[in-house]
Amino acid sequence: MKKNVLSTIIVVALLGVIAAWLVGRYNTMVTMQENVENAWGQVENQYQRRIDLIPNLVSTVKGYAKHEQETFTNVMEARAKATQITVDPSNATPEQLAAYQNAQGELSQALGRLLAVAENYPELKANEHFKQLMDQLEGTENRITYARNLFNDTAKEYNTYIRKFPSNIIAGMFGFERKPYFQSEEGADKAPKVEF
């Protein structure tokens, strides 16, 4: 009789340890997944900050460069496209992230063309409002880079955890899937050609 009780206690204790271990792994995955989603929210916040700066920048440049209408239109169209693409971080795919990144890249290129136009107007570059907007835009670009790096680091930590044994078994049982990363833009691996 004592053997049966002792065996039952050992089995129950062993099951309790296994259950606690499973719950601990599951909760760690949930926490890490939430961290990835939070990091994605920070990326979106910084891109939104840039999008919010654009109308002020365009209207400031417009005051000096009235005949550059095509450039202004391209910037506003790129801005509109960038705001239309959204990614749900809980089930993001590499393709969705690439489309989002592509739209943001097109906006960056359009902004680059706008800033090139601004270079042709020394009085615009001397304008205090324009200088403040440029400082904010530069700061925002730095924040975007930081937020993207943080997202990639957080996603890497999560992806690594759910792929390691035995976490991969639990991840598979509960549907935890890998998160995509931001990739460098095409051509970013080559140094720009500078000619004088």
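**Rings, helices and burial**

Modeller: Gladly! Trp40, Tyr47, Tyr100, Phe151 and Phe182 form one aromatic cluster. Do keep in mind that this is a predicted model, where local features need pLDDT of at least 70, side-chain atom pairs count only at pLDDT 80 or more, and totals for chains, interfaces and linings use all residues. Residues are numbered from 1 along each chain as its sequence is written, and side-chain values use heavy atoms, with hydrogens and water left out.

Colleague: How many aromatic pairs does the structure hold?

Modeller: Rings of Phe, Tyr and Trp (its six-membered ring) pair if their centres lie within 6.5 Å; planes under 30 degrees apart count as stacked, over 60 as edge-to-face and the rest as tilted. With that rule, the number of aromatic pairs in the structure is 7.

Colleague: Is the pair of Trp40 and Phe182 stacked or edge-to-face, and how many residues apart are the two?

Modeller: The ring centres of Trp40 and Phe182 are 5.6 Å apart and the planes meet at 20°, so this pair is stacked. Trp40 sits in helix α1 (residues 2-64), while Phe182 belongs to the segment after α6 (167-174). Helices here are DSSP runs (H or I, at least four residues), as strands are (E, at least two), numbered from the N terminus. The pair links distant parts of the chain, and the separation is 142 residues.

Colleague: And Tyr47 with Tyr100: what is the angle between the planes, and are both residues buried or exposed?

Modeller: This aromatic pair is edge-to-face, at 5.6 Å centre to centre and 75° between the planes. Tyr47 lies in helix α1 and Tyr100 in helix α3 (residues 94-119), so the pair ties together parts 53 residues apart in sequence. Buried means under 20% relative accessible area, exposed over 50% and partly exposed in between (1.4 Å probe, protein chains only). So the angle is 75°, and by that definition Tyr47 and Tyr100 are both buried.

Colleague: Which residues is Leu97 in contact with, leaving aside its neighbours within four places in sequence?

Modeller: Leu97 is part of helix α3, and its 2% relative accessibility means that it counts as buried. Its C-alpha atom is separated by 7.6 Å from that of Tyr181, 84 residues apart along the chain. Taking contact as heavy atoms within 4.5 Å, and with those neighbours left aside, the partners of Leu97 are Trp40, Val87, Phe151, Pro180, Tyr181 and Phe182.

Colleague: Is Thr71 buried or exposed?

Modeller: Thr71 lies in helix α2 (residues 69-84). Beyond its neighbours within four places in sequence, Thr71 is in contact with Arg113, Leu114 and Val117. Because its relative accessibility is 15%, Thr71 counts as buried.

Colleague: Which peptide bond is cis?

Modeller: Look at the loop between α5 (128-163) and α6, where Pro166 lies. Omega is near 5° for the cis bond from Phe165 to Pro166.
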